[in-house]
Amino acid sequence: MGNQFKVGDLAITLIDLPPVMAGSIVELLERVNEGAVVSTPVGPLVATRNGWICAHELAPGNVGYVDQALMPLSGDFESEQQKQREAEPCA
């Protein structure tokens, strides 16, 4: 899912990371790949999974989410199967 995103996109959070609650809208600031060293308020941490550094008005600084904890806020959400059905002629 992370490859659907780009810097500046908005996403909906699927999990709580207090103070940011599930269902909140965040802005994607920076892509983080597994193994990258990320600077945090408690010191440097190594990312254990792919994800994003995100901005939210309730989070002092920024907050990190793994790819699976984010859902795109905009874009094409229709499944390929649905698109194919709509493209078929009516009988």
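Modeller: The largest pocket is lined by 26 residues, of which V32, V38, T40, I53 and G64 lie nearest its centre. A pocket here is an open set of points, on a 1 Å grid over the protein atoms alone, where a 1.4 Å probe fits, with protein on both sides within 12 Å along at least five of seven lines; lining residues have an atom within 4 Å of a point. The space in this pocket comes to about 530 Å³, a volume being the space filled by probe spheres set on the grid points, which are joined across faces, edges and corners. The model is predicted: local features need pLDDT of at least 70, side-chain atom pairs count only at pLDDT 80 or more, and totals for chains, interfaces and linings use all residues. Residues are numbered from 1 along each chain as its sequence is written, and side-chain values use heavy atoms, with hydrogens and water left out.

At least two lining residues come from each of β2 (25-32), β3 (37-40), β4 (43-46), β5 and β6; strands are DSSP runs of E, at least two residues, numbered from the N terminus. The order β6-β5-β2-β1-β7 describes an open sheet of five strands with antiparallel pairing, where two strands pair if DSSP finds at least two bridges between them. Because β6 (63-66) and β7 (70-72) stand at the edges, each with a single partner strand, one side of each is left without a neighbour in the sheet. Strand β1 (residues 10-13) runs antiparallel to β7 and is joined to it by three bridges; T13 has L70 in β7 as its bridge partner.

Key: Helices (H or I, at least four residues) and strands (E, at least two) are DSSP runs, numbered from the N terminus.
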